[in-house]
Amino acid sequence: MQRIIIDTWIAARADRCFDAARDLDLHMRSAAHTNERAVAGRTSGLIELNEEVTWRARHLGVTQHFTARITGFDRPRWFQDTMQRGAFRSFVHDHFFVEERGGTTMKDVLVFAAPLGILGRIAETLVLHAYMTRFLTRRAQILKEIVEAGY
């Protein structure tokens, strides 16, 4: 099991950051490099508690489908998405928003595990941890730019 934490300070109120982070249209913009598209469930707008979205994207050279459900929600402080179906054995992504220093710190906490026992643990260590860290960091930076530009 792997844990990744990404902190991003954004010059905006927590409610704006919170809504941007759960905006499916913005998610697609921030993950454009993977051609990520919402293809089932909620496919646009602001995803809410207990709603699901199925993403189709190309990661590590393979087109994949990933279904996530919003399993926790406390606007504008926190929400959680949890994998329902996909390539991981488990995948839980917590999003925290704390107003401070005249803006908001957005904290992504991702805990995931790959399937396939020892082979999965090797893949987590050698490939997936770095890949997911880059993906989340890039997505957070794009959200920061969009929100600071007036989202």
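Helix α3, residues 117-148, bends by about 50° at Glu-124; the bend at a residue is the angle between axes fitted to the seven residues ending there and the seven starting there. Helices (H or I, at least four residues) and strands (E, at least two) are DSSP runs, numbered from the N terminus. After α3 comes Gly-150, which has a positive phi, near 120°. The model is a predicted one, in which local features need pLDDT of at least 70 and side-chain atom pairs count only at pLDDT 80 or more, while totals for chains, interfaces and linings use all residues. Residues are numbered from 1 along each chain as its sequence is written, and side-chain values use heavy atoms, with hydrogens and water left out.

The strands come next. Two strands pair if DSSP finds at least two bridges between them. Strand β2 (residues 37-41) runs antiparallel to strand β3 (residues 52-59), and four bridges join them. Gly-41 has Val-53 of β3 as its bridge partner. On to strand β4 (residues 62-74): β3 pairs with β4 over eight bridges, in the antiparallel sense. Here Arg-58 stands opposite Thr-63 in β4. The hairpin of β3 and β4 has two residues between the strands, and Leu-60 takes a positive phi near 55° in this hairpin.

Aromatic contacts follow. Rings of Phe, Tyr and Trp (its six-membered ring) pair if their centres lie within 6.5 Å; planes under 30 degrees apart count as stacked, over 60 as edge-to-face and the rest as tilted. Searching the whole structure gives seven aromatic pairs. In one of them, the ring centres of Phe-18 and Phe-73 are 5.3 Å apart and the planes stand at 80°, so this pair is edge-to-face. Because Phe-18 lies in helix α1 (residues 14-21) and Phe-73 in strand β4, the pair ties together parts that are 55 residues apart in sequence. Phe-18 has a relative accessible area of 0% and is buried, a term for values under 20%, with exposed meaning over 50% and partly exposed in between (1.4 Å probe, protein chains only). Phe-73, at 25% relative accessibility, counts as partly exposed.

Phe-18 has another partner in Phe-79: the centres of these two rings are 5.3 Å apart and their planes are at 80°, so this pair is edge-to-face. The pair links distant parts of the chain, with Phe-18 in helix α1 and Phe-79 in strand β5 (residues 78-85), 61 residues apart. Both Phe-18 and Phe-79 are buried. One aromatic cluster is formed by Phe-18, Phe-73, Phe-79 and Phe-97.

Charged side chains complete the account. A salt bridge is a side-chain nitrogen of Lys or Arg within 4 Å of a carboxyl oxygen of Asp or Glu, and the count by this rule comes to eleven. Glu-51 and Arg-42 meet in a salt bridge at 3.1 Å, N to O. Glu-51 is partly exposed at 24% relative accessible area, and Arg-42 is partly exposed at 28%.

Glu-52 takes part in a salt bridge with Arg-69, at 2.8 Å from N to O. This pair links distant parts of the chain, Arg-69 in strand β4 and Glu-52 in strand β3, 17 residues apart. Glu-52 also forms a salt bridge with Arg-85, with the closest N and O atoms 3.6 Å apart. Since Arg-85 lies in strand β5 and Glu-52 in strand β3, the pair ties together parts that are 33 residues apart in sequence. Glu-52 is partly exposed at 21% relative accessibility, Arg-69 is partly exposed at 27%, and Arg-85 is partly exposed at 49%. Elsewhere, a network of salt bridges links Asp-19, Arg-22, Glu-48 and Arg-75.
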